[in-house]
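Look over the structure below before you read on. The text then walks you through it, one spot at a time.

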Amino acid sequence: MTSRYRATEGVNSPFPRRRTVVKAAAATAVLAGPLVAALPAGAATEAPAFLHGVASGDPLPDGVLLWTRVTPTAEAVPGSGLGPDTEVSWTVATDKSFTNIVAKGSLTATAASDHTVKADIRGLAPATDYFFRFSAGGTDSPAARTRTAPAADANVTGLRFGVVTCANWEAGYFSSYRHLAARGDLDAWLHLGDYIYEYKSGEYAARGTVVRPHAPLNEIITLADYRTRHGRYKTDPDLQALHLKAPVIAIWDDHEFADNAWSGGAVNHTEGAEGTWTARQAAAKQAYFEWMPVRPAIAGTTYRRLRFGKLADLSLLDLRSFRSQQASSGSGSVDDPDRTITGRAQLDWLKAGLKASDTKWRLVGNSVMIAPFVIGSLTADLLKPLAKLLDLPQDGIGVNTDQWDGYTDDRRELLAHLRSNAIGNTVFLTGDIHMSWANDVPVDAGTYPLSASAATEFVITSVTSDNLDDIAKVPEGTVSALAAPLIQLANRHVHWVDTDRHGYGVLDITADRAQMDYYVLSDRTSATATSSWERSYRTRSGTQKVERTYDPV
């Protein structure tokens, strides 16, 4: 259930891209075992309880979206459809001790929304830290911090965002979230897609090894399945910790639905045996909006725009709901003007927003890489794992048609729009491919650097999902040391690529530059993995180009 309130007290793929086995049977009904498995180990059975944490998201200058899930009775686990209607109250204060309460209200959690609730708060002060919690039946949730956005006309000196993508539960622990939560200096954090994965247990793990099993164990297809999987993710202590510390701004990519999803289907969907794509997509979207603190600007999509004073606005894209089916690599249809990755309405919305923007920086939350990429002359031992990660022919050269490379007419139109309207300081923030990149986005990659760069792009590696060294099953850094120089030689607009490591980014923005600091984990399969700074790249205002800088912010 979602509700809006005003303050009333006070004013202030790189994953397996092709199926090798056709699925032979429809999904069976969800059983009690997998549902109970979605609860944290040792979870209390007396209810009500807040077993899945609390979260906030989509900060505005005067408000923020609050989320939680209550377990009203022991049997009311995610996806069960069981449990009574339960009143859940919420409180917002300016202090951790909740002595200065500025807003409060209540909602009813029901089985119809999987006992999740959202409160869309208004009437708060801009650029301000707030603390919130939920209560039900005499039980309080953990208290969490959130933060509103600056006023639209505010002269903001700096912004700092955590940036993450591609968190596969079975491939390891979410230490990236833990390290971001420990910082305490984030205005918000961006999740660029693949917050959950849809695979059955064991199908896509850490170098083929399941570090910790999914719930449910089957591939998720039904509404109950998607709810159960979201519930499993929300029991992760590191993910809960990050949601306690800062608001999230999230978009979806394919695995919130199924691998290589498009408007009419997915690679990882067998029509008939797994029901209809229309029903599966609807179930995935319903569960997503129930379980995520995301405010859909247009029903059924995640494309929307947030503003952070005069310093930056952030256009968030939905590159799955409207796209045409991926072209066959090397077919030539990647240039077909009738094919789209955004859909006409979304592309027009993006172009209009970028042109009308009066902020210093225009950020674009973008789930798949927009910079062009060709493989070049890679040796067979390097081509094979890269081809597997990017869904390319393993016996020849191709492009990753799931990225903007597969929809070149949309990209050409967008980049021409940036150039013809002299729209500068556009930065794409990208996930999906389980590698770190720092790219210029040239108007014509074939003639770069003679061709102008229309924008820049920072691509973040995966939290846990397999990348090149994992696919090749060689020591970390082995593939990158060989492949990165060859990739850069064939793609002169690519300033850096790391094909092998897992981690997260921290984006720091001032009037003069936007800088991405790349951090890597010591071991994704360890719950106590350490984090270390790897590299930093920035784009200076007015340049539309990336450069290396040698210290994190």
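**A walk through the model**

Ala 127 sits in the loop between strand E6 (116-122) and strand E7 (129-136). Helices (H or I, at least four residues) and strands (E, at least two) are DSSP runs, numbered from the N terminus. Ala 127 is not a glycine, yet its phi is positive, about 50°. Its relative accessibility is 35%, so Ala 127 counts as partly exposed. Buried means under 20% relative accessible area, exposed over 50%, partly exposed in between (1.4 Å probe, protein chains only).

This is a predicted model: local features need pLDDT of at least 70, side-chain atom pairs count only at pLDDT 80 or more, and totals for chains, interfaces and linings use all residues. Residues are numbered from 1 along each chain as its sequence is written, and side-chain values use heavy atoms, with hydrogens and water left out.

Asp 58 also has a positive phi, near 50°. Asp 58 lies in strand E2 (residues 54-60). Is Asp 58 buried or exposed? Asp 58 is buried, with a relative accessible area of 0%. Most residues other than glycine have a negative phi, and most peptide bonds are trans.

Now look at the peptide bonds. A cis bond joins Ala 215 and Pro 216, with omega about -10°. Pro 216 is in the loop between strand E11 (188-191) and helix H3 (223-233). Another cis bond joins Tyr 448 and Pro 449, with omega about 15°. Pro 449 is in the loop between strand E17 (436-442) and strand E18 (453-459).
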